Amino acid sequence: MKEKYDVIVAGGGPAGVAAAVAASRSGCNTLLIEQEAYFGGMATLASVPAFGPFTNGEQDLIGGIGREILEELKKDGYKSPFYDRKPDRIEGIDWYPIDPEHLKRVMDDLVTDSGCDVLFHTIPIPSIFMRQCLMRAQKMRNYIKIPSTGTVNAMGFHIAV
Ligand SMILES: Cc1cc2nc3c(=O)[nH]c(=O)nc-3n(C[C@H](O)[C@H](O)[C@H](O)COP(=O)(O)OP(=O)(O)OC[C@H]3O[C@@H](n4cnc5c(N)ncnc54)[C@H](O)[C@@H]3O)c2cc1C
């Protein structure tokens, strides 16, 4: 943990992981906070069954960190029954089935390799988060104040301010 961060991202779903990894790779001191004990958001927390569509059947629609995650999943895919079959093709587009436990590990590695710091079981205090991050560590029931230059709200439908 650092005393101050350039960027604090709240929410470790696909959007938050991508934002934190991009910020960290760009040289920003970055902290990613997540209320659960793992990343993935709806894909791991709520068992959303598939990512997609990655193509329209003719050309790629999704690149960047989303594509990187997919390629990592496919690389290790033979260890998982989820990837034994080809992507589902619905109306000409491809959907990749998600193994939640596998996705957690891929996202863990991605975030850790980027150099980003992480706090699990932590939620921001909404009204203060966007100005200066003041966080509550749920399990320890204590308050941590961590200033940052910028904040990113990636908490899904959670209203932060
Ligand atoms: C029922 C359903 C089915 C879907 N099916 C598909 C599908 O088949 N394929 C597909 O590609 N997409 C599907 N989606 C859409 C997909 O789930 C979303 O587009 C995606 O999850 C959005 O990612 P996100 O990172 O913005 O938010 P989320 O995935 O919601 O992640 C938000 C993260 O923020 C964390 N968080 C929330 N509040 C706080 C807080 N106060 N403090 C700290 N952390 C917090 C959460 O724990 C979570 O990890 C589906 C969605 C739903 C609801």
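Me: Ala, Val, Leu, Ile, Met, Phe, Trp, Tyr, Cys and Pro count as nonpolar, Asp, Glu, Lys and Arg as charged, and the others, Gly among them, as polar; how many residues of the shell around the ligand are nonpolar, polar and charged?

Reply: The structure is a predicted model, in which local features need pLDDT of at least 70 and side-chain atom pairs count only at pLDDT 80 or more, while totals for chains, interfaces and linings use all residues. Residues are numbered from 1 along each chain as its sequence is written. The shell around the ligand holds 15 nonpolar, nine polar and two charged residues.

Me: What makes a residue part of that shell?

Reply: Its C-beta atom, placed from the backbone, has to lie within 6 Å of the molecule. On that basis 26 residues surround the ligand, and the closest are Gly11, Gly13, Gly41, Met42 and Gly156. At least two residues of the shell come from each of α1 (14–25), α2 (42–45), β3 (50–51) and β7 (122–124), where helices (H or I, at least four residues) and strands (E, at least two) are DSSP runs, numbered from the N terminus.

Me: How do you know that β1 and β10 pair?

Reply: Two strands pair if DSSP finds at least two bridges between them, and strand β1 (residues 5–10) is joined to β10 by five, in the parallel sense. One of the residues involved is Ile8, whose bridge partner in β10 is Thr151. The open sheet has four strands in the order β6-β2-β1-β10, and its edge strands, β6 (117–119) and β10 (148–153), each pair on one side only.

Me: Why are α1 and α4 called roughly parallel?

Reply: Their axes, which are lines fitted to C-alpha atoms over the stretch in contact, with angles from 0 to 180 degrees between N-to-C directions, cross at roughly 25° and come within 8 Å. Angles under 35 degrees count as roughly parallel, over 145 as roughly antiparallel, 65 to 115 as roughly perpendicular and the rest as oblique, and therefore α1 and α4 are roughly parallel.

Key:
Nonpolar A, V, L, I, M, F, W, Y, C, P; charged D, E, K, R; others polar.
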